[in-house]
Amino acid sequence: MEKLISSISTQIGEKILSFQSVSGGDISSAYLLKTENHKFFLKVNSKPFALQMFQGEQKGLQTIEATQTIAVPYVHLVDSFENKSFLLMDFVESKRPDSSDFQRLGTQLAELHQCSQSNFGFSDDNFIGSLPQSNTTHKNWVEFYWKERILPQLEMALDNQLLRKDEIPEEEKTLAVFNRFFGKVTPSLVHGDLWGGNYLIFTDGTPYLIDPAAYYGHSLVDIAMSKLFGSFGQSFYDAYHEINPKSENYSQQIELYQLYYLLVHLNLFGSGYYSSVSSVLRKYFT
């Protein structure tokens, strides 16, 4: 680590006075670096795909930052050094959120979701956790969600013997279900992996988004993920839906969008998520 820290110090033009291991890196090692004037958050990963993963994270953060709707940490460096890839960004001093913080987060997320483009997808592929996430563009949301999200995860689960072939729904039936419940969808810039560990509330109450898997999709994918494991206050949802009202098939959409994240967790962490995946598949596709 000392050689890497020395290299980073040279690149940023500041002497690093201290560094320490911290939580928050999830699939990567994480460190707090201190200079005389700054604190930096460093993620380090030696996996072969790590540089591409960090580049995707940087692109997502920069795309969200450009909307000027919600804060993200500024990324200083993404690079490789001696078979390790790393991402260096500003360290965000965070606090435990209260109701007004959740309200602000909900409002600003809704404003982010109002940023649109003509197609679904993104300029680059990226990652959801450590799994590749294809963002090939489509004009049609139902086709995008099936071909770029659900089908790749189903095939991976089948290859990993986490699902049986007879549990994989047929494309025609799946598209019919999606068309029935999704309706007309406008592309929204989404965080893409909005669970409770991927936002921070700065000490002054400013919400920050971190670790995005960004693309243009249905805004409710972020809401669905936020509801999967909890830790978002009710004021978050009240504020969000004041700007983006609930749709007619809201509860079904939430469950169908949670299917993607449950499949991701099945493929990442194994059979502990099988029953949750199987439950959604049986409810909608049998």
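Reply: A nonpolar core here is a set of buried Ala, Val, Leu, Ile, Met, Phe, Trp, Tyr and Cys residues joined through side-chain atoms within 4.5 Å. The model is a predicted one.

Me: Which residues have the most contacts inside the largest nonpolar core?
Reply: In soluble globular proteins, nonpolar side chains tend to be buried together. In this chain the largest nonpolar core has 73 residues. Those with the most contacts inside it are Trp-141, Ile-150, Phe-178, Phe-182, Leu-209 and Ile-223.

Me: Which helix gives the largest share of this core?
Reply: The chain has 9 helices and 11 strands. The largest share of the core is 11 residues, and they come from helix α8, residues 250-269.

Me: What is Phe-178 in contact with, leaving aside its neighbours within four places in sequence?
Reply: Phe-178 is among the residues with the most contacts inside the largest core. Contact means heavy atoms within 4.5 Å. With sequence neighbours within four places left aside, the partners of Phe-178 are Val-142, Tyr-145, Trp-146, Ile-150, Gly-183, Leu-256 and Phe-285.

Me: How many residues does the other core have, the one that lies apart?
Reply: Ile-8, Tyr-31, Phe-86 and Leu-88 are among its members. This separate core has 13 residues.

Me: Which residues of α7 are buried, and what covers them?
Reply: The buried residues of α7 are Ser-235, Phe-236, Tyr-237, Ala-239, Tyr-240 and His-241. Their cover includes α3 (99-113), α6 (220-228) and α8.

Me: Which helices each supply at least two residues of the lining of the second largest pocket?
Reply: The second largest pocket has a volume of about 330 Å³. Its lining counts 23 residues, and His-218, Ser-219, Leu-220, Asn-244 and Pro-245 lie nearest its centre. By class, 7 of the lining residues are nonpolar, 13 polar and 3 charged. The helices that each give at least two lining residues are α5 (171-182) and α7 (234-243).

Me: Is Glu-36 buried or exposed?
Reply: Glu-36 sits in the loop between β2 (29-34) and β3 (39-45). Not counting residues up to four places away in sequence, Glu-36 touches Lys-15 and Leu-17. The relative accessible area of Glu-36 is 71%, and the cut-off is over 50%, so this residue is exposed.

Me: What distance separates the C-alpha atoms of Glu-36 and Glu-14?
Reply: Along the chain, Glu-36 and Glu-14 are 22 residues apart. Their C-alpha atoms are separated by 8.0 Å.

Me: What is the phi of Glu-82?
Reply: Glu-82 is found in the loop between β4 (75-81) and β5 (84-90). With a relative accessible area of 51%, Glu-82 is exposed. Glu-82 is not a glycine, yet its phi is positive, at about 45 degrees.

Me: Where is Asp-211?
Reply: Asp-211 is a residue other than glycine with a positive phi, near 50 degrees. Its place is in the loop between β10 (207-209) and β11 (215-217).

Me: What radius of gyration does the chain have?
Reply: The C-alpha atoms fill a box of roughly 60 × 40 × 35 Å along the principal axes. Of the 286 residues, 52% count as buried. A compact globule with 286 residues would have a radius of gyration near 19 Å; the value for the chain agrees with this, at 20 Å.

How values were computed:
Residues numbered from 1 in each chain as written. Predicted model: local features only at pLDDT ≥ 70, side-chain atom pairs only at ≥ 80, totals over all residues. Heavy atoms only, no water. 1 Å grid on protein atoms, 1.4 Å probe; cavity = no way out; pocket = protein on both sides within 12 Å on 5 of 7 lines; lining within 4 Å. Points joined across faces, edges and corners; volume = space filled by probe spheres on them. Helix = DSSP H or I, 4+ residues; strand = E, 2+ residues; numbered from the N terminus. Nonpolar A, V, L, I, M, F, W, Y, C, P; charged D, E, K, R; others polar. Buried < 20%, exposed > 50% of the residue type's maximum accessible area, 1.4 Å probe, protein only. Rg over C-alpha atoms; globule rule 2.2 N^0.38 Å.
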